[in-house]
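Please read the following briefing alongside the sequence and the coordinates.

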Amino acid sequence: AAGVGTWFLVIWIIGQFHAGSEYTIQAATGIPALIVLLLVMNWFFHKVYWTGWIGEHNRRRRVAEEARAQGSVRKATLGLALLGFSAVYREGFEIVLFLQNLRLKAGDGAVVEGVGLGLGLTAVVGVATFFANQRLPYKKMLVVTGVLLGFVLLVMVGESAQELQLAGWIPTTNVGIAIPGWIGLWFAVFPTVESLAAQGVAALLVIGSYFLADYLRLRRPRKAREAAAAAVGQV
């Protein structure tokens, strides 16, 4: 309910600035969603952020369980309710940001159809998981999700770059290569230096952050082993 309310609140806020150019509004709504998606796809940030986020949720859950064990049922119920609300609303807020740009381009009908289809597929997966009563292959699912999000990121970057060009915020420099229209429509690949460079930079940021996170993950245990070996040597 709070997510739906936020959806209409954001629509109202955007409506206050609707006197400007259509492309300006689309560019302004696309940039926040793009920033959020870049953060989600940033592996270094992902490692730090999600470890802290999940750790904080587990801590709050333990506090609520301890309160219930001590007989404070009302406090435990309120704590778990707030925990569930914060977890779900954060996802809902991100979705509201992602869909605003699509709403401005394709209209409310396309958004409603997409949300309905997404909810239906989510329900199918949830019911199947419940009745199968088996552990899901989370690692494989995360890999597939990461690939899909990477594709979405490149599409959003290409679209945002084109909108910024149409709004006059950044220049337009043709590369002199003919790209079929359907590629621009489905993959947001346009024959301009700015859009192609933006997509390249986004890909490098995601790939680079992955290798940086992997490097730091391997470096810390190695440093710990070296420190332990040095301590043993001193003894």
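What follows is a short account of the model, grouped by topic.

This is a predicted model, in which local features need pLDDT of at least 70 and side-chain atom pairs count only at pLDDT 80 or more, whereas totals for chains, interfaces and linings use all residues. Residues are numbered from 1 along each chain as its sequence is written, and side-chain values use heavy atoms, with hydrogens and water left out. The protein has 8 helices and 0 strands, where helices (H or I, at least four residues) and strands (E, at least two) are DSSP runs numbered from the N terminus.

**Overall make-up**

- Read from the N terminus on, the elements run α-α-α-α-α-α-α-α.
- Of the 235 residues in the protein, 24% are buried, a class that means under 20% relative accessible area, with exposed meaning over 50% and partly exposed lying in between (1.4 Å probe, protein chains only).
- Among contacts (heavy atoms within 4.5 Å) between residues at least 6 apart in sequence, 71% join residues at least 24 apart.

**Nonpolar cores**

- A nonpolar core is taken here as a set of buried Ala, Val, Leu, Ile, Met, Phe, Trp, Tyr and Cys residues joined through side-chain atoms within 4.5 Å.
- The largest such core has 11 residues, namely Ala33, Leu34, Val36, Leu37, Met41, Leu97, Leu153, Met156, Val157, Ala202 and Val206.
- Two or more residues of this core are given by each of helix H2 (22-41), helix H6 (138-166) and helix H8 (193-234), and the largest share, 5 residues, comes from H2.
- Apart from this core lies another, of 8 residues, among them Ile25, Val96, Leu104 and Val111.
- Val157 touches Leu34, Ala198, Gln199 and Ala202, if residues up to four places away in sequence are not counted.
- In soluble globular proteins, nonpolar side chains tend to be buried together.

**Packing of H1 against H4**

- The axes of helix H1 (residues 2-15) and H4 come within 9 Å and cross at roughly 35 degrees, the axes being lines fitted to C-alpha atoms, for helices over the stretch in contact, with angles that run from 0 to 180 degrees between N-to-C directions.
- The crossing of H1 and H4 is right-handed, which is to say that the near helix is turned clockwise from the far one by less than a right angle, anticlockwise being left-handed.
- On the H1 side the contact is made by Ala2, Gly3, Thr6, Trp7, Val10, Ile11 and Ile14, and on the H4 side by Phe85, Tyr89, Phe93, Val96, Leu99, Gln100, Arg103 and Leu104.
- By class, the contact of H1 with H4 has 11 nonpolar, 3 polar and 1 charged residues, where Ala, Val, Leu, Ile, Met, Phe, Trp, Tyr, Cys and Pro count as nonpolar, Asp, Glu, Lys and Arg as charged, and the others, Gly among them, as polar.

**Aromatic pairs**

- A search of the whole structure finds 5 aromatic pairs, a pair being rings of Phe, Tyr and Trp (its six-membered ring) with centres within 6.5 Å, and planes under 30 degrees apart counting as stacked, over 60 as edge-to-face and the rest as tilted.
- Phe85 and Tyr89 form a stacked pair, 5.5 Å centre to centre with 5 degrees between the planes, and they are separated by about one helical turn because they lie 4 residues apart in helix H4 (residues 73-106).
- Phe85, at 46% relative accessibility, is partly exposed, as is Tyr89 at 26%.
- The rings of Phe151 and Phe187 have centres 5.8 Å apart and planes at 80 degrees, so this pair is edge-to-face.
- Phe151 in helix H6 and Phe187 in helix H7 (residues 181-187) are 36 residues apart, and their pair links distant parts of the chain.
- Phe85, Tyr89 and Phe93 form one aromatic cluster.

**Single residues**

- Glu163 lies in helix H6 and is buried, with a relative accessible area of 3%.
- Leaving out residues up to four places away in sequence, Glu163 touches Tyr23, Gln26, Ala27, Asn101 and Lys105.
- Leu38, placed in helix H2, is partly exposed at 24% relative accessibility, and beyond its neighbours within four places in sequence it is in contact with Leu153 and Ala202.
- Leu38 and Ala203 are 165 residues apart in sequence and 9.8 Å apart in space, C-alpha to C-alpha.
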